[in-house]
Amino acid sequence: MQIDHAPTKGNLQQLQKSLQLSKNGYTLMDRKRMILINEISSLMKEANTIQEKLDAAVKEAYHILDIADADMGLIQMYNAALDVPIDDSLKIQIRSIMGTEVPNVKYDEQSIEPAYALATTSAYLDKARLAFEKVKALQFQLAQIENAAYRLAANIKKTKKRVNALQNITLPALQGVEREISSALEEKEREEFIRLKVVKRILNEKAASV
């Protein structure tokens, strides 16, 4: 940052404008940092809640899958799984949080009508598929939140650096030069005042001697 140290009123006025802009920038950046911290704190609480639900859902899904395996056999389950269509309904949009682009996952729940022959499969296979659909939906939610939190954390780090730079470098430098120029201008004014008093005294003495 280039700062003109020349003790002129023009430089002082320009410096004071820069100082005010920097102060405003510091206030806004610090406010942004706090908003982002609050946002990420809220996301982490939500992520913890979903993680607990996901852990329980995964445990339940594999429990039902084990029962289906015991009822049908692994090969028959594998063959039935081949008939389940691939889910391509996931769409990712972008939204902005204080300038941070975060993903917004759109997921259309698919019809869970059996894609395999009912006569050769177990009811537990249907229950397992339903259970894993729940797992999938929770995974989508958790991935969205964790990705958003990661991006917000990166923005917080960047914002914190800018806040620190303004607080510890830019503002002290501008304030120091402002004091320097103000002192120099005040000294000039005192010197000018004294010079004018001397000139006035000399002129008065000359006028009195005429």
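1. Helices (H or I, at least four residues) and strands (E, at least two) are DSSP runs, numbered from the N terminus, and two strands pair if DSSP finds at least two bridges between them. This is a predicted model, in which local features need pLDDT of at least 70 and side-chain atom pairs count only at pLDDT 80 or more, while totals for chains, interfaces and linings use all residues. Residues are numbered from 1 along each chain as its sequence is written, and side-chain values use heavy atoms, with hydrogens and water left out.

2. Strand S1 covers residues 91-97 and strand S2 residues 100-106; the two pair in the antiparallel sense over 7 bridges. Lys 91 has Lys 106, in S2, as its bridge partner. The two strands form a hairpin with 2 residues between them. In that turn, Met 98 has a positive phi of about 55°.

3. Thr 100 lies in strand S2 and is buried, with a relative accessible area of 5%. Here buried means under 20% relative accessible area, exposed over 50% and partly exposed in between (1.4 Å probe, protein chains only). Leaving aside neighbours within four places in sequence, the residues in contact (heavy atoms within 4.5 Å) with Thr 100 are Leu 36, Arg 95, Arg 151, Leu 152 and Asn 155.

4. Ile 64 belongs to helix H1, residues 9-72. Ile 64 is buried at 11% relative accessible area. Beyond its neighbours within four places in sequence, Ile 64 is in contact with Tyr 124, Lys 127, Ala 128 and Ala 131. Ile 94 is 30 residues from Ile 64 in sequence and 36 Å away in space, C-alpha to C-alpha.

5. The protein chain has 3 helices and 2 strands, in the order α-α-β-β-α along the sequence. Its radius of gyration is 36 Å, well over the 17 Å that the globule rule gives for 210 residues, so the chain is more spread out than a compact globule. The radius is taken over C-alpha atoms, and the rule is 2.2 Å times the number of residues to the power 0.38. Along its principal axes the C-alpha trace spans about 135 × 25 × 20 Å.

6. Of the 210 residues in the protein chain, 27% are buried. Among contacts with a separation of 6 or more, 77% join residues 24 or more positions apart.
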